[in-house]
Amino acid sequence: MYFLITRLLQATIVMLCVALVGFLVFQFVGDPVLSLVGQETSVEDRDALRESLGLNDPIFVQYFRYVTNAVQGDFGISYSFNRDVSEMIADRLPATIELVLLSGVLSLMLAIPAGIYTGIRRKGGLAQTIMALSVIGVSVPSFLLGILLILVFSVWLNWLPSFGRGDTATVLVFDSSLFTWDGLRHALMPAAVLCLFQLGVILRLIRAEMLEVLRTDYIRFAWARGLPGKRVYLRHALKNTLVPVVTAIGLQLSSLFAFSIITERVFQWPGMGSLLLHAIGQSDIPLLAAYLIFVGLVFTISNLVVDAIYVLIDPRIRHGVR
Amino acid sequence: MSKKTLTSIATVLALSTALAGSAQAETIRIASQGDATSLDPHSHNESFTNYFLANVYEGLVARDRNFEITGQLAESWEQIDATTWQFKLRPDVTFHDGSSFAADDVIFSMERALSEPSNFKHVLASVESFSAIDEMTIEIKTKAANPILLNDLLDLMILDKQWADANGSQEPINLQAEEKAFSATNANGTGPFTVVSRAQGEKTTLAVNTSYWGEVGNVTEVVFTPINNAATLVSALLSGEVDMVMPLPLQDIPRVEAAEGVKVVSSAEARTMYIGMDQWRDQIIESPVEGNPFLDLRVRKAFAHAIDAQAIIDRVMQGQATLATQYVMDKVNGYNPDLTRLEYNVETAKSLLAEAGYPDGFELTMDCSTDRYVNDGQICQAAVSLLARVGITVNLIAQPKAQFFPKVVAPDFGTSFFLLSWTPSTMDSLNVFQNVLGTRDLEAGTGAWNISGCSIPEADALAAEAANTMDPKIREKMLQDAMALMVENVCLVPLHVQQLVWGAADNIDVVQHPTFEFPLEYYNVN
């Protein structure tokens, strides 16, 4: 309980700092009034608008007002869309979440077995090939990969749609494009691009940890006891690689939200990332601030979850052994 | 059966399917780099939003297929005296929700356009008062004689009073208002297309208005998708997922030209690009030079001689622009056909600089946006290297528009050398004199975009006179003379008139207007 309370307190402070930094940065993104009005609007009208939006108040007054409202779930009205920011985020969030989920699941499903395999058979031909491919995944920028995929699968082969989100269907209460064939076809390429980088990183981490653990004495003892290979690799070795791997996966998966900005842009995926890019272009401060807070929240929560998972997988933490 | 008979049977079959097809729904899928920012026709004065909405909402007057002003919701009009106009409204027009159109809707829409949150107050700036004479007639009184009242009214869209009242949308959204704006996400106009569904930034579907009063081509459905990334936009056209893209990035023109089934559609846009030079400070800013060299006409002329606008068109604009001789393009009223450019000549430029006391040139800073106009950043880079040939060292600040505009516009006008452009929304050069070329007087609201601070009182006087001159011939002459004065004084260095370049499937009849309008009622799918 004590553990939980301190963690939550820390998280709150982190969130307040994120909001503050965001606010200071936004002083430099440009004048929102200019993107709000047309070229023929008079100087007085511009000044009146600036005043009525509260943009002339000192920055800390603006910050305090913002945090007070945000705590009550009110993120203001987007300057460029004239709509509630919370409503806009609610509109766009499902698209990003499904992309992040699909690519997260894909990368874990591929990375874990591949990481274990390359850790065990590190000299084999297949392992070498996997490692070579993972270098491409880590090093090719996602926008380039995305455009290459579009060129090959949309323009040349005409197999997959090049942009947008497909039809959605509702299963239980979730309305998602992952439940339709058309939706999956649309999601495949962006999810693959997002997945590839994660795949490379997680695979290499698992492999390195496996190599490390397989050299340790207790693994030799396990072999000496004549245990079957499956048990040695999965029970004894893999379980002890998990602490650093889970940390990395937690951070990687939350950074999928950040990476999705570029991927969403390339595939015109109507998620949070494209919303952020629009907001930057229009100096839409309420939208920018809400996005920043949202991403801060995702990172904070995923760190909390990672901490909780430690407790489950590592008895030393659970029992307070140092 | 012979081979020939088989072929003819196949031809007949193919023809009959084609014929059957033309009677069916014709969908046109359009992708553009931006989305309409709102569905409210009075909230954002941004050209794409305006012209997207012009397919849904209508004004009293509009541009026809040939870009001439014609009656839309006003069937006819008559000028009673110099300042009084009467508009007869079109009978039997209904809004998309079925309610009928009448004078109270027009009066309501004009009041709404003048309300505090509206961005269209300038449209009615010359108007003193307006009233309904009867159900189907309205009268507009202007403050002084206004020869271009019709041009001004082009951007005034008419909403349904009952619909707005019922949905709390009497005013375009007020940003401080806590409730969201119904009119920003819903539309009810009289136009040829109705909004069927709308997911902002994602997809907007329009369907033809089956009870439209006018004629519409064979397009029955429009699916509109914004695609921000240029490479994705072109791929979507090439893979046949969309029928039209706008704008087409210049570097992709050869690709689209070489591809089967798609074409490049281009025509001159009403936007003139120019380079501005500080003519109001005693000391130019962000430069080590003493004083302000630009106050000397010879220096301004030297810059005009040094900047090879044709090279910029050939290299940077890939030929998709035409040389500008003045600050408006030839379709704009008041264009002066007798004006010519100062020719590109390095030697002339050098000797002019030497005469003005700068034989070794000087150093200064140039401000430039990178995401506002077609290839704006590269245009500036080209200008920088051209000026280096005459000894002018330019430090280029290339910045996103979100940083560029706050720096260079009122109240600071924080630049002494910059690239900018202007589109006169009325297609009349008076608009350019009022905003860009006229002496800066912020209290009177003129010259708010006169960033160079150039001031030619004679031209101001001519423009002021033209503003109230009803005779179109005399008025045009005044505007042409005023333009000649500005050009003689090298108020700005004109560069080029850029082309609108779109990509489309071969079977789409595209109608392009110089203002970026895309009136879908004139489009056809073959």
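What pLDDT does chain A average, and what share of the residues score at least 70?

## Confidence in chain A

The model is predicted. Chain A averages a pLDDT of 81, and 94% of its residues score at least 70. Within chain A, helix H7(A) has the highest confidence, at a mean of 88. Confidence is lowest in helix H13 of chain A, residues 315-318, where the mean is 68. Where pLDDT is low, the predicted coordinates should not be read in detail.

## Overall form of chain B

Chain B contains 16 helices and 19 strands. Its radius of gyration is 25 Å, close to the 24 Å given by the globule rule for 526 residues, so chain B is as compact as a globular protein of that length. Along the principal axes, the C-alpha atoms of chain B fill a box of roughly 85 × 70 × 50 Å.

## Contact between the chains

Chain A gives 43 residues to the contact, and chain B gives 41 residues. On the side of chain A that touches chain B, the elements giving two or more residues are helices H2 (32-36), H3 (43-52), H7 (142-156), H10 (229-266) and H11 of chain A. By class, this side of chain A has 19 nonpolar, 18 polar and six charged residues.

## Helix H7 of chain A against helix H7 of chain B

Two packed helices are described by the angle between their axes and the distance between the axes. For H7(A) and H7(B), residues 230-238 of chain B, the angle is about 5° and the axes are 10 Å apart. Angles under 35 degrees count as roughly parallel, so H7(A) is roughly parallel to H7(B).

From H7(A), the residues in this contact are Ile147(A), Ile150(A), Leu151(A), Ser154(A) and Val155(A). They meet Ala231(B), Thr232(B), Ser235(B) and Leu238(B) in H7(B). The residues of this contact divide into six nonpolar, three polar and no charged.

## Helices H11 and H12 of chain A

Within chain A, the axes of helix H11 (residues 272-281) and helix H12 (residues 285-313) come within 8 Å. They cross at roughly 140°, and H11(A) and H12(A) are therefore oblique to each other. The crossing of H11(A) and H12(A) is left-handed.

Which residues of H11(A) meet H12(A)? They are Met272(A), Leu275(A), Leu276(A), Ala279(A) and Ile280(A). Their partners in H12(A) are Leu287(A), Leu288(A) and Tyr291(A). By class, the contact of H11(A) with H12(A) has eight nonpolar residues, with no polar and no charged ones.

Definitions and conventions. Residues numbered from 1 in each chain as written. Chains lettered and ligands numbered in written order. Predicted model: local features only at pLDDT ≥ 70, side-chain atom pairs only at ≥ 80, totals over all residues. Axes fitted to C-alpha atoms, helices over the stretch in contact; angles between N-to-C directions. Helix = DSSP H or I, 4+ residues; strand = E, 2+ residues; numbered from the N terminus. Parallel < 35°, antiparallel > 145°, perpendicular 65-115°, else oblique. Left-handed = near helix turned anticlockwise from the far one by under 90°. Contact = placed C-beta atoms within 7 Å. Nonpolar A, V, L, I, M, F, W, Y, C, P; charged D, E, K, R; others polar. pLDDT = per-residue confidence, 0-100. Rg over C-alpha atoms; globule rule 2.2 N^0.38 Å.
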